[in-house]
Amino acid sequence: MLASSSGVIKELPSMTVSQREQFLVLNDVVFRIYSDFDACDIATQKFTYNRLFLIYKQLDYLTNGLRQRGPSLSSLDANRPWLCYWIIHSIALLGESVDDDLESNTIDFLGRCQLAHLGTSYAAVNTLVTLGIDKALSSIDRWVLDVGEMDVRACYLAISIASILNIVDDEITRGGIGGEPGSEAHAGNTYCGLATMALITEVDRLNLDSLMDWVVHQQGVEMGFHGRTNKLVDGCYTFWQVNLLFLFVSFIRLFMCFHEYRSSHEENAHDEDDLEDSDDDDSDENSNEGLLLPFSYHLRVRPVFDSLNLQRYVILCSMVLEGGLRNKPGKPRDFYHTGYCLSGLSVAQHAWSKDKDTPMNGDILGSYANHL
Amino acid sequence: MHGRPRKAYKPEEEAASAAKAAKLRSLQFQFMSNHHNKIYTKEAVDLSTKLLEINPEAYTAWNYRKLAVEDKLSRIESDPDLVKTILDEELTVVESALRQNFKSYGAWHHRKWVLGKGHSSVGNELRLLDKFQKLDTRNFHAWNYRRFVVELTNRSEQDELQYTDAMIGSDFSNYSAWHNRSVLLSSLLARKADGFLPNKKIPDEYKLVQNAIFTDEDDQSGWFYHLWLLDQTVNVETPLLTSSWPSHGSRINLSAGCLNDSFSESGSFPLILYFDQAVGGVSSSTVTIDTELKGNEDLVWEPVSKKNSQVSCVWVARLKYISSEPCFGKEYKVKVKIGNSPGIVSSRGCNFSASYEFVFTAHVHDTVEESSQEGIVSWTDGFDIWDAESKDLNALTTLDRSNAQMDSKWRQEAIAEEIDLFRELPDSKIGKLTLARLLMAKAMISDDAVKGVHYNEILELYKDLMALDSSHYQYYKDVHSVALLRKVTSSTEDLSGHLFRCRNMNNSVCLRLNNLSLSRIASVEKLLFVQMLDLSHNELHSTEGLGNATSLLPKSESQQNPEFFSSGLTQTSETAESVGCFTQPHR
């Protein structure tokens, strides 16, 4: 029974679409997956982790995606640079590289992109950086920035491709950040907001404690992350939320000082060797400035989110046997989810280690070969 | 697009799709040509309509349409009927695009743009929104658009509040409705609208949310709203000064003659102001110094921040004390007044309003003196227990007390009621967490006598949660550390138990926080007077905030010797060996 503010008792309503989905996902699918899995012996479990994580299947899915620019992609025309980025980034995460033909085709294609937009520019730049070809950056010499909707994402995109833009002072709602003033806190926007503030070193304006409060409680009972309060789990939020926590932790990282000196990592916004998201480097750069460790620490710290169970969600629920990753069981795979689930998984695996330390055996679910 | 399924194609379908794709490409080509050549004929615009029907995400097509509309409007000499026709057409195109994809950013943005031209009735828009709410009550595009329409048409916020009432009443797990409620209330409370005073309204809201929370404990929506309410109850938007160095009533020793001491090298010492949030505008016009020390008429204040940020919690200026006059043991009073003139503003736009003043004494002498011993009681391992009556500690809590004065009766009552309620809850994780948060809030606005008691209960709760909810173990551990440090710095009794003087280090004031299982540092602003900090045998992974405090205090040469500092923090779960030394000006 529910009492409204006017004191009238009402019947509990029938479920909305979202609630029904949540119920189904939780009870029918995700928990059944978990209980079936838990019922197996250790050897079978290990086998399952490894069987799902077949790198060659993932690569097949990805490289075919890059080769085809088939009819089914017509609705994503505006997003082709994004596809390149998601696919190539995923391939890099898996520790592989693209063959030369495909690589030069991709670069050509990006150079010919006429529908340039903040988003596609960002995707294009990151693709080229991942491919590790500096001179290819100059192939994009014309940035035609269409006027589109202005929100947190646009700021992040613009700033992270090194344009100067006015900062949209979005309200921080309940710790997270919304897309525009008044909006609900949303994982994607919160990530963009925090990363933007990090890149322009204005993080002090944010209430990091309350942001932490919000993010930590977005890990759902299924152990995957939600995008907003009381919404459904989605594999891609593994990236948006976990990277948030990673950024957050790097601001409050340990340092001892007895004199100041400049960071030797300065000016290295995109480390080509680093297969994790390039923004980690940006935040490293900022937090390294000024007060520094004259010698480095290798500290192992338990992360504030449940990393192993998150990895479990991604591997058991997001991964598709034939290759690729998806939002949740029941939804189809796509390159967007493949890119962000794998990225998030990588960050989760590295959650215990500092900087570019390799994770230990216990940090990675399944065999060490699953390390991204 | 996020969440859109992609179907696998059979060969016949493949061929059909290929044909479709070819057609699409030729459409796009034609469209781009129209766009570049600024062709806005009916045929050209119809082409863009077709494109948008196929793909509502083609943002260039939306932009083109904006340009086309501008072009048309400029030709028709503001005939209202014609304008209406043109804009109606746009609204229709948006509607059909939204029917295809009601989460299309481009479509919603275009509609906002059209509305901005002053067309369409509120009724129309709200009807449209109702349709979308029925499809998905959490569609944030629709909610954003609703807020946009409300603002554009000056619809009453009270009416909107009733709307959220209805939405929440029919589905209390609709967090978007709760969220909208919080946005509306923030605005109504901020402008003190009729019947919207916080001391009445916030307690009412607590009652409303209790229904949701106690009906279904697992539903996050109510809990997050409750957290927001707590925020409103506790937080004072206006920035406050939390501490300073030197602190009120303290006495510092400055050496005028020593050349080796880099501290006095520049003949100046730092004056530090620590605020509870990042502020800008601290300058010699907003902070006035009244002293006989010459050369301090126009102080330059700088924020302690990274790169070029103009805001910070911590601000510092340097006061000169060396002059041509001889000075043997001369004492100078320094009076600092903050906030007499407006100008100090938080990064959220709130003015520092409560003016505050503090006084300290600077004792200038020619040679480095042994500072006088104070109240040594007994000693162990070279640490002497420090006299708890010291003026430094008193200054610590004075600011707390004056800051807590703000309109506190209704706040205390609201929190007390919630605490009673939550103590009744059986063992639930979220219940315990909420109770801990409530107790923290209470401790912040209570007087000294009761503080200690609350903190003990808080620490117990977080310990329970670490055991009950292992997924969030580290999070609870961090908050536990924060609470512990708040407790330590909350009263002179608590603090003096950890304060010592270190004999080997010129009787420096040492705060020993060893063996406390700390994983995080907090309350640094209370520790500016500390000269040595012992953090050994903890589990720290962060010293956030310490950097601020230590970076601006000068270090004397003798203390720059690397051996002086221990090897730093190496952390394993068993031991962490370290003594951190953060040097301070010689007192």
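Mentor: Start with Arg251(B), which is partly exposed because its relative accessibility is 41%. The model is a predicted one. Arg251(B) forms a salt bridge with Glu331(B), and the closest N and O atoms of the two are 2.8 Å apart. Arg251(B) lies in strand 2 (residues 251-255) of chain B and Glu331(B) in strand 7 (residues 330-338) of chain B, so the bridge ties together parts that are 80 residues apart in sequence. Glu331(B) also has 41% relative accessibility, so it too counts as partly exposed. As a general point, side chains of opposite charge can pair when their charged atoms come close.

Asp534(B) forms a salt bridge with Arg512(B), with 3.2 Å between the closest N and O atoms. Asp534(B) is in strand 14 (residues 532-534) of chain B and Arg512(B) is in strand 13 (residues 508-512) of chain B, so this bridge ties together parts that are 22 residues apart in sequence. Asp534(B) and Arg512(B) are both buried.

Arg181(B) forms a salt bridge with Glu205(B), and their closest N and O atoms are 2.9 Å apart. Arg181(B) belongs to helix 9 (residues 175-190) of chain B and Glu205(B) to helix 10 (residues 198-215) of chain B, so that the pair links distant parts of the chain, 24 residues apart. Both Arg181(B) and Glu205(B) are buried.

Now the setting of these pairs. Over all chains, the structure holds 26 salt bridges. Chain B has 19 helices and 14 strands. Of the 587 residues in chain B, 53% are buried. Among contacts in chain B with a separation of 6 or more, 68% are between residues 24 or more positions apart. Chain B exposes about 26700 Å², of which carbon and sulfur atoms supply 51%.

Disulfides are another matter: over all chains, the structure holds 0 of them. A disulfide would need the two sulfur atoms within 2.5 Å. Cys236(A) is buried, with a relative accessible area of 0%. Cys341(A) likewise counts as buried, at 0% relative accessibility.

His89(A) sits in helix 4 (residues 80-93) of chain A. Because its relative accessibility is 7%, His89(A) counts as buried. From C-alpha to C-alpha, His89(A) and Gly339(A) are 6.7 Å apart in space, while 250 residues separate them in sequence.

Helix 10 (residues 208-216) of chain A is mostly covered, with 7 of its 9 residues buried. Among the buried residues of this helix in chain A are Leu208(A), Asp213(A) and Trp214(A).

To return to the part you asked about: Arg251(B) is partly exposed at 41% relative accessibility, and its salt bridge partner is Glu331(B).

Definitions and conventions
Residues are numbered from 1 along each chain as its sequence is written. Chains are lettered from A and ligands numbered from 1 in the order in which they are written. This is a predicted model: local features need pLDDT of at least 70, side-chain atom pairs count only at pLDDT 80 or more; totals for chains, interfaces and linings use all residues. Side-chain values use heavy atoms; hydrogens and water are left out. Buried means under 20% relative accessible area, exposed over 50%, partly exposed in between (1.4 Å probe, protein chains only). Helices (H or I, at least four residues) and strands (E, at least two) are DSSP runs, numbered from the N terminus. Contact means heavy atoms within 4.5 Å. Accessible areas come from the Shrake-Rupley method with a 1.4 Å probe; for residues, only the protein chains shown count as cover. A salt bridge is a side-chain nitrogen of Lys or Arg within 4 Å of a carboxyl oxygen of Asp or Glu.
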